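Thank you all for coming. Today I would like to walk you through the charged side chains of one model and how they pair, so please look at the sequence and the structure first.

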Amino acid sequence: MEMIAERGLEKLTMAALGREVGMSSGHLLYYFHSKDELLLQTLEWSEGRLGAERGRLLTRASATARERLDAYVDLYVPDAHRDPHWTLWLEVWNRSQNADDDARDRQAAIEGAWHRDLVALLAEGVSRGEFRAVDPDRFAARLRALLDGFSIHVAIGLRGTDRGQVLSHVREFLDESLGRSGLADA
């Protein structure tokens with residue numbers, strides 16, 4: 001993951017990766033078959049780790065739905081320019097136009113897990129009266145699009161956009177969109 005983030009997939013050679021991990025490039029190609037498969041499996045590994053962390057954050061019984069939503073957003077948004085996790089996503093999305101059905105299904109499974117968790121959290125917040133009534137699925141789709149757009153700006157290092165600014169924008173959006181009268185200030 002670090003090598004892909006540092007160099008990008010185009011500049012990464014199987015020989016250099018093999019030297020880094022102590023394997024021959026032939027062994028790497030035997031296991032992964034292509035750089036695209038290596039990339040997708042690396043993303044799946046990274047997402048598995050993030051999924052476990054997301055699960056821990058979202059099941060904290062002592063936290064309100066809004067506190068858990070803020071934790072979800074914190075986990076989603078990249079730490080900084082060239083964030084390794086987000087660099088993987090950018091590489092995968094760049095190759096998605098030519099991906100086969102299996103690769104597309106695997107990408108959709110990863111995206112789907114983030115979406116389902118967010119929908120469940122929003123539905124819980126609405127049912128408990130913490131959030132105003134929204135359609136959780138539609139709101140989740142819109143929020144994730146907002147997060148993706150801002151996150152890409154952070155990951156590519158777009159000047160004038162940093163993690164702190166993004167988190168501030170998103171929290172303001174959530175206050176305005178989900179806040180109930182008097183709850184946004186609580």
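Let me begin with accessibility: a residue is called buried under 20% relative accessible area, exposed over 50%, and partly exposed in between, using a 1.4 Å probe and protein chains only. This is a predicted model, in which local features need pLDDT of at least 70 and side-chain atom pairs count only at pLDDT 80 or more, while totals for chains, interfaces and linings use all residues. Residues are numbered from 1 along each chain as its sequence is written, and side-chain values use heavy atoms, with hydrogens and water left out.

If we take a salt bridge to be a side-chain nitrogen of Lys or Arg within 4 Å of a carboxyl oxygen of Asp or Glu, the count comes to 14.

One of them joins glutamate 124 to arginine 128, at 3.1 Å from N to O; here arginine 128 is exposed, with a relative accessible area of 53%, whereas glutamate 124, at 21%, is partly exposed.

Another pairs glutamate 53 with arginine 56, whose closest N and O atoms are 2.7 Å apart.

Which residues are linked in a network of salt bridges? They are Arg66, Asp70, Asp74, Arg171 and Asp175.
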